[in-house]
Amino acid sequence: MSEEGLEAARQKMTEAGVDPVAINVFTSYYHQLETGVTGLIREDTISPLIDPPMLDDVELSEEQAADALDKTVIIKLNGGLGTSMGLDRAKSLLEVRDGKSFLDIIATQVLSARKEFGARLPLMFMNSFNTRADTLKALEKYPDLAVEGLDLDFLQNQEPKLDAETLAPVEWEKDPSLEWCPPGHGDLYTALLGSGVLDKLLAAGFKYASVSNGDNLGAVPDGRLAGWFAASGAPYAAELCRRTINDKKGGHLAVRKSDGQLILRDTAQTADEEMEYFTDENRHPYFHTNNLWFDLEALKKVLDERHGVMGLQIIRNEKTVDPKDSSSTPVIQIESAMGGAIEIFEGATCICVDRSRFLPVKTTNELLLLRSDVYDLDDSAHLVKMTDDTCAIDLDKEFYKKVGDFTDRIPEPPSLRRATSLTVKGDWTFGPGVVVEGDVSLSTEKPQTIPDGTVLAGEIPGEK
């Protein structure tokens, strides 16, 4: 059945207008899937990465930084709808703070960097079919953002979800759009090639790409990083941060024992019985930020040699066709991680950066932190941390997981500058001017309102 399933999947992709290069990549992964390749990376096949280069140790001139940045394109992954936070449009349209969305902040960061360094510095978004229209509409307010000869975006590919039992493309008459899924952000390289964007960038004289998630506002254009990467001569580099006890989910780099090559291991590539090693911040002390740098010429060479198929490690993602309905048909989504490309490039490297370059917003916990007075937004749209420590936030998912519910209950963020932790259990609505001090824990079984200007400290029980 798998041979028939592959042919049906290829036909479905062709009829939907999917790029032939992406179909070839899908075919390669499909063959791995049907032969039982899991993509798991066993602990006994790797050694921990212990002593990476540090950005704090890098010294270079302003001229070197400006020259490197002038040859760099900024690419932001922007395919997500933010459905886990209750959104139904591009997550990057969500207001972060001061009336500005992710897109507003990213655009201002790039425009400011151009002015500071005198660099061309194009900005491009890898959109999905779901996010393209809204994103481009929102960016119309920045008429100077696009660089001549280059578009502001290119499209991520799509592929069919596979019936977990038959490996045939799943059918779901209730909502045919749910029959499709993105191929993971490892599709970046395929999309750059198939869209023609890679060739356009090279023709325009650009040499380097700096890539990051659209919801990570800490990954600002950085001349020192660009200069370091240019001087390194490496074809590819990954930004790392030192792990803390709270960094258990993110992937990490390791050294493959068989050949000494740097590789990326994500959660989905770790066996359940080895998760204790994966989550041990002492054993694997650095996590992968998903901020990447690569040489465009080196990427073109690899893609040409491999006929467009990068050969990233497969990630087998088991879900249901309707992610909101656990009783719907079980499916397999074939994915890959763009960070996995580190093992494709001989001479690839990494660098440890400050935690300020890793500020993702995956939940309303992080959103509250960025909206609060813990951060300030400067004239260059950089989020500047105003405290030495970061308040740990844990909001009750039942009442705060979705952005609409969160905003209804916390229309104005409390002051968190003197807070070390805030745990909220139950339905609490915050009035304006609330101040949180030290460790605060709120708990209630009935809806409660915190009066305007209240100073919170310690454990605060509500009504039962």
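**Domains, spaces and residues**

Analyst: The chain is divided into domain 1 (1-357) and domain 2 (364-461); these bounds come from an automatic or database domain assignment. This is a predicted model, in which local features need pLDDT of at least 70 and side-chain atom pairs count only at pLDDT 80 or more, while totals for chains, interfaces and linings use all residues. Residues are numbered from 1 along each chain as its sequence is written, and side-chain values use heavy atoms, with hydrogens and water left out.

User: How many residues of domain 1 and domain 2 are in contact?

Analyst: On the domain 1 side 16 residues are in contact with 16 residues of domain 2, where contact means heavy atoms within 4.5 Å. The centres of the two domains, taken over C-alpha atoms, are separated by 31 Å.

User: What about the second largest pocket, what is its volume?

Analyst: The second largest pocket has a volume of about 220 Å³. Of the 14 residues that line this pocket, G218, V220, S356, R357 and H382 are the closest to its centre. A pocket is an open set of points on a 1 Å grid over the protein atoms alone, with protein on both sides within 12 Å along at least five of seven lines; a cavity is a set where a 1.4 Å probe fits but cannot get out, and lining residues have an atom within 4 Å of a point. Grid points are joined across faces, edges and corners, and a volume is the space filled by probe spheres set on the points.

User: Which domains does the lining of the second largest pocket draw on?

Analyst: Domain 1 and domain 2 each give at least three residues to that lining. By class, the lining divides into six nonpolar, three polar and five charged residues. Ala, Val, Leu, Ile, Met, Phe, Trp, Tyr, Cys and Pro count as nonpolar, Asp, Glu, Lys and Arg as charged, and the others, Gly among them, as polar.

User: Which element gives the largest share of the lining of the largest cavity?

Analyst: That is α2, with four residues. The lining of the largest cavity has nine nonpolar, six polar and two charged residues.

User: And which residues line the second largest cavity?

Analyst: The second largest cavity, with about 30 Å³ of space, is lined by Q269, L312, Q313, I315, A337 and G340. Its lining has three nonpolar, three polar and no charged residues.

User: Switching to helices. Which residues of α3 are buried?

Analyst: In helix α3 (residues 62-70), A65, A66, A68 and L69 are buried, meaning under 20% relative accessible area, with exposed over 50% and partly exposed in between (1.4 Å probe, protein chains only). They lie on the same side of α3 because they cover an arc of only 165° around the axis, the arc being that of the directions from the helix axis to the C-beta atoms. The buried residues of α3 pack against β2 (72-78), α4 (102-117), β10 (208-213) and α8 (223-232).

User: What about α10, which residues are buried there?

Analyst: In α10 (residues 296-305) the buried residues are L296, A298, L299, V302 and L303. These cover an arc of only 160° around the axis, so they are on the same side of α10. Exposed K301 and E305 are on the face turned away from that buried side. The cover over the buried residues includes β2, α6, α7 (197-203), β10 and β14 (286-295).

User: One residue now. Is E43 buried or exposed?

Analyst: E43 is buried, with a relative accessible area of 4%. E43 lies in the loop between α2 and β1 (46-48). Not counting residues up to four places away in sequence, E43 touches R265, E274, Y277, R283 and H284.

User: Last one: where is A381, and what is its phi?

Analyst: A381 is in the loop between β18 (375-377) and β19 (383-385). Its phi is near 65°, a positive value in a residue other than glycine. A381 is buried, at a relative accessible area of 3%.

Terms used: Helices (H or I, at least four residues) and strands (E, at least two) are DSSP runs, numbered from the N terminus.
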